[in-house]
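Hi,

Here is the structure I promised to pass along. Have a look at it first, and then read on for what turned up.

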Amino acid sequence: MSHAQEHEYNPADPHGFHEDGHHGHVIVPWQVLLGVLLALLFFTVLTVFQAQFEKHAVYQWGWVIPGWVNIVLAMGIACIKGGLVALFFMQLRYDSGINVLLFLFTLFAVWLFIMFTALDLNNRGHITEWRSGEVISGGSGVGFGEHGASKGRVDINSAAGPVYMRVKDNYIAEHGIEDYEAHGHHDDHGGSALSDAWQSRSHSGLTPGLFSTGVWEHLDDGHGHSHDDHGHDDHGDDHAEDGEHHDEEHANDDHGEEEH
Amino acid sequence: MASIDTHQPALPQPGKEKVPLWQRYTHGHHWRNADDEFDGAKIGIWLFLATEVLLFSGMFCAYALFRLMYPESIAAGSGYLDWRWGGLNTVVLLISSFTIAMAIRNVQLNQQFWARINLLITWLCAAAFLVIKLTFEYIPKWSDGKRPGALFDYPFAQHAHENVWWSIYYVSTGIHATHVIGGMVLIAWLIYRQGKGAYGPTHYTMMEGVGLYWHIVDLVWIFLFPLLYLVH
């Protein structure tokens, strides 16, 4: 950087075009690179530990942890890791300011995107309410083709119901209700049975909403989240009605959480 | 900070076959010196990386909104993923990021053998990432019926928007995996060219560029991992 001042002014070459401007490219010491790698691995372990600890504390010890703690801690650790990668692996720490500026401006743009898109979040519930006859939770999947939920029974003119309900109906129609019941109960919220590669189970329900504490009310009955109460007891023959029923319930749930 | 003198007589010497490619390299005639060429190329790469960040920010934006709107579905969907595979893939990518940074350092110091070893490890890590992703995540999930949007065919869903979760999951990790494949092609090219002696202390622009690209792929995964695997 300072080499420019070291050279004397040459009237034949006022801009120094013919000088070899060797900034001396930075060679990052291997100790620094290795240290950064170890720090990154440490933070990876830390973020997993944080998530596991949080789950354990809630289900085993009955702690009450607000939902935002999960995302703030996880993103905080991720930001530290990302900073380490950008500063040392990508050498922004040693780089010219223009590249740093570029990167920071990009991050600013990302913030703009998310912030402005989220501006109307609190009002979307009103729109959903207003259009409640038309909105189908999770989408209907109608008209997509002979895949998944649309398999076999596509009728564009009828209220097709949400995808997840039709998939369930298809399964019951094909395998029978007993088979569904046998598979249906895999809500192991304590994390006792973990997913493996070939059978993934959901063990969720800890933080239903960023600012919601509603989930804790259901901890007492040993379930952990509210949606166990229905879904297993009411799959009769009237699936269309059933679907709408669920639809409303979920819409209300989601809406309710937004407002907290 | 260790630094080296990049001022080399980078003149073509047609008679001497032993002079490696990187020493025979001369910068483009429209640049006043090799350093300006290097800096210009680097700004170009950073501009490209900016567009990459913006590309992924679309996915992060969708994730943020859907998590705020349907937190239970997102949490339930995340519950189907095993953090151990995601964690293993994180470690694999972090190591590969380290080795490509080391490879660049090796080239700067003209340690060609170690540069080759580090590039090979980087490539193998990228391959391992994809193998883990396909074998233990994409294939079992997809055949379970845990698919995006209207393709959703998993009868035991507990929440209405689980297919939305799978849309976010497949598209964000799919774009990322596509970048890993692209990185593998680029790193393979580096290995080939490095074998020809194309990179050395005065000329390693291509390695620097691919290295930066590879780090951004790592950087994106650093954020995707907790967002997808560690939600409760």
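A helix here is a DSSP run of H or I with at least four residues, numbered from the N terminus. Please keep in mind that this is a predicted model.

With that in hand, let's start in chain B, where B:S78 sits in helix α3 (residues 71-79). Its relative accessible area is 1%, so B:S78 is buried, the cut-off being under 20%. Apart from residues up to four places away in sequence, B:S78 touches B:W165, B:L228, B:Y229, B:L230 and B:V231.

Now the nonpolar cores. The largest has 99 residues, and A:F89, A:M90, B:Y169 and B:M207 have the most contacts inside it. Helix α7 of chain B (residues 205-229) gives the most to this core, with 16 residues. Domain 1 (3-119) and domain 2 (124-259) of chain A both contribute residues, so the core lies between them. As for A:M90, its contacts beyond four places in sequence include B:W46, B:L49, B:L212 and B:H215. A second, separate core has five residues, among them A:A57 and A:Y59.

Lastly, the cysteines: there are zero disulfides over all chains. B:C61 counts as buried at 9% relative accessibility, and B:C125 counts as buried at 12%.

Happy exploring!

Notes
Residues numbered from 1 in each chain as written. Chains lettered and ligands numbered in written order. Predicted model: local features only at pLDDT ≥ 70, side-chain atom pairs only at ≥ 80, totals over all residues. Heavy atoms only, no water. Disulfide = S-S within 2.5 Å. Buried < 20%, exposed > 50% of the residue type's maximum accessible area, 1.4 Å probe, protein only. Helix = DSSP H or I, 4+ residues; strand = E, 2+ residues; numbered from the N terminus. Contact = heavy atoms within 4.5 Å. Core = buried A, V, L, I, M, F, W, Y, C linked by side-chain atoms within 4.5 Å. Domains from an automatic or database assignment.
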